[in-house]
Amino acid sequence: MKSSILALTAALVLSTAAEARKAPAPAPVVPAPVVVEDNNIWLEEVEGTKPLAWVAGENQKTASRLEGDARYAPFLAEAKAIFTATDRIPWPSFRAGGVDNFWQDAAHPHGIWRQTSVAGYRAATPPWVTLLDLDELSRAEGRNWFWKGAGCLKPQERICLIRLSNGGGDAVEIREYDTQTRSFVPGGFRFAEGKQSVDWLDANTLVVAREWTPGEVTDSGYAYVVKLVTRSGETTEIFRGQKSDVSSSASVLHGKAGAVDGLLIRRGTSFFESEYSLWKAGVITPIRLPAKAEFEAYTAGRLVFALKTPWEGFGAGALIAYDPSSLATPPELVFQPGPRQAIQSVSDTTSRLVVELLEDVKGAVDAYQRVDGKWVAERLALPLKATLSVKATSGTDNQLFVASEGFLEPTSLWLADSGTGQAMPVKQLPARFNPATHQVDQYWATSSDGTQIPYFVVFPKAAKKDGSTPTLMYGYGGFEIAKPPIYLPEMGKIWLERGGAYVIANIRGGGEFGPAWHQSVLREKRQLAFDDFAAVARDLTARGLTSPRRLGIYGRSNGGVLTTVSMTQHPELWNAVVVESPLVDMLRYHKLSAGASWIGEYGNPDVPADRAFIARYDGYLNLKKGVAYPEAYITTNTRDDRVHPGHARKFAARLQQLGVPYLYYEQTFGGHANDADPELNARRWARHYVYLAQKLMD
């Protein structure tokens with residue numbers, strides 16, 4: 001693994017790896033934990049009367065303090081203006097020769113599904129046609145419906161299976177919908193709420209993975225039995241995994257003109273390990289792959305997989321392609337990333353394989369075609385030195401939409417052609433805050449084992465480097481998810497314009513440098529990710545960019561592990577800790593919601609050796625009486641069916657029992673993303689920034 005990356009140039013003012021301090025930061029001294037009786041398990045009852053009464057009391061106290069602050073009203077007004085603005089970019093998806101969009105604003109908090117033509121979308125004011133109004137549907141049915149997407153029958157893509165979540169969670173109800181009549185199909189396909197996957201085999205047959213009988217789900221709560229379901233209601237089981245797996249599913253492989261070339265069956269034996277098989281005419285053929293490989297696309301008659309470990313001469317991160325008609329033939333190499341590259345996503349148009357990359361933590365998009373048995377790439381003509389994200393690809397031609405953004409550069413949307421490599425801007429987000437007051441720098445911190453950890457700082461140009469700048473530091477460090485520079489309008493408006501600084505720490509566990517950067521901190525090596533985060537904090541202080549009194553940290557989901565461990569191991573490094581939708585109780589995480597699916601990331605607490613290394617860092621277990629912890633703000637969502645709200649509740653309750661000051665707030669719906677409703681999302685961020693202003697600016 002290379003320990004440095006090239007400069008970001010232009011808008012970025014960077015230091016080199018040589019600027020990083022040479023001496024490794026000290027590793028924390030983590031004593032053996034003392035396991036105490038957990039008297040807060042009652043808070044894991046999500047809808048229980050007693051837990052909800054506790055939540056209501058906590059919400060009232062926190063709202064009184066944060067929403068009673070004079071800054072709350074202007075913060076809320078600014079956030080609401082951003083989240084409900086009508087000049088936002090309407091994110092597109094291709095369907096039926098046109099462009100679909102799902103739109104929420106002040107008048108449509110649940111949202112509308114709508115369509116226009118490609119030419120119409122490029123207009124300043126697209127002529128949208130509403131397909132489905134979820135606010136009307138919610139009122140008519142007395143439900144709290146939120147949009148989770150649609151899968152449409154190829155090639156016409158008129159009839160769709162839409163996914164609706166009652167409250168914003170991952171579990172969805174699926175219904176058949178006619179986009180031409182704009183109505184649900186009478187007597188059409190319909191599946192009750194659950195964590196499930198559905199795809200069209202033909203107009204009268206679906207391939208479905210779901211909970212067929214009560215309890216027929218994995219320990220992680222996902223389906224492991226795949227069946228064909230006909231319009232008449234007949235079912236035929238085609239695959240069955242095991243209850244100890246994470247999940248099983250099947251994807252329909254569409255060839256030319258939407259023809260079905262078979263099914264790809266995935267059996268997820270763990271979060272990162274899978275077995276793949278090709279189903280065709282009732283015959284299942286295993287595909288020879290390492291356990292750590294991921295299916296990416298089916299294009300040019302080839303099945304494309306990404307390897308997460310070295311295998312048979314291919315390096316980690318490689319894209320390889322199999323001919324499904326000749327699975328005994330060795331696969332072809334499509335692309336092998338270099339040491340400074342990392343694949344972020346893979347998709348396809350009609351004749352190209354589209355690969356979104358990070359190169360030196362800058363974006364690039366390449367389009368591959370198969371010529372004479374070889375895969376040849378062409379780089380698309382998109383902005384340089386920016387974070388690029390493929391938003392949608394067409395299944396009927398070579399068009400795709402790509403977003404471009406940076407910390408201080410508002411997001412723009414480009415319409416590209418993967419066949420010609422050309423691209424043109426079609427939408428531009430107006431600047432939501434004044435970027436002229438800040439600059440972007442990149443520095444390096446030295447972690448406990450000597451590894452150089454890059455981090456970005458958005459810093460006021462006029463600020464003195466005397467440790468007085470209020471600074472919010474974000475980290476994630478898990479599941480090979482990279483965190484490059486992005487445009488955060490609410491952060492810029494509410495925080496940067498008031499003199500704050502913002503930091504993203506690219507700690508190990510993420511995907512900034514491919515699979516190795518992630519795998520270097522799995523399981524028993526997790527402490528290194530926490531060391532990385534602490535090293536960045538120390539480096540910020542050493543450079544005078546901020547100080548512990550003015551430094552706050554924020555993390556959500558897996559980032560909740562990071563922030564709670566950081567709070568317990570290094571309470572002296574920060575004065576504010578935002579813990580959102582978190583994993584915290586790591587000795588019970590595998591028993592809550594989808595937790596069992598993440599054993600490959602963290603380890604299995606039921607295995608004594610794993611339990612020992614998890615217990616050493618567990619933020620819930622390692623809270624101790626008499627320690628001067630920073631006052632944390634803990635927040636979650638009742639309808640989060642991915643990361644159980646009990647984690648956040650119990651962490652707050654333990655702080656309460658120890659007499660440690662804290663704030664707790666639980667939104668009653670919205671799911672894991674916690675942003676299903678723009679009005680509630682504005683309130684969420686207004687509370688966050690009032691807390692941060694109180695702790696870091698006052």
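Modeller: R508 and D449 form a salt bridge, with their closest N and O atoms 2.9 Å apart; the term stands for a side-chain nitrogen of Lys or Arg within 4 Å of a carboxyl oxygen of Asp or Glu. R508 lies in the loop between β34 (501-505) and α6, and D449 in the loop between β31 (438-446) and β32 (452-460), so the pair ties together parts 59 residues apart in sequence. Helices (H or I, at least four residues) and strands (E, at least two) are DSSP runs, numbered from the N terminus. R508 is buried at 4% relative accessible area, whereas D449, at 42%, is partly exposed. Buried means under 20% relative accessible area, exposed over 50%, and partly exposed in between (1.4 Å probe, protein chains only).

The model is predicted: local features need pLDDT of at least 70, side-chain atom pairs count only at pLDDT 80 or more, and totals for chains, interfaces and linings use all residues. Residues are numbered from 1 along each chain as its sequence is written, and side-chain values use heavy atoms, with hydrogens and water left out.

The structure holds 46 salt bridges. One of them joins R190 to E173, with the closest N and O atoms 2.8 Å apart. R190 is in strand β10 (residues 190-194) and E173 in strand β8 (residues 172-178), 17 residues apart in sequence. R190 is exposed at 53%, while E173 is buried at 8%.

K308 and E480 also meet in a salt bridge (3.3 Å, N to O). This pair links distant parts of the chain, 172 residues apart. Both K308 and E480 are buried.
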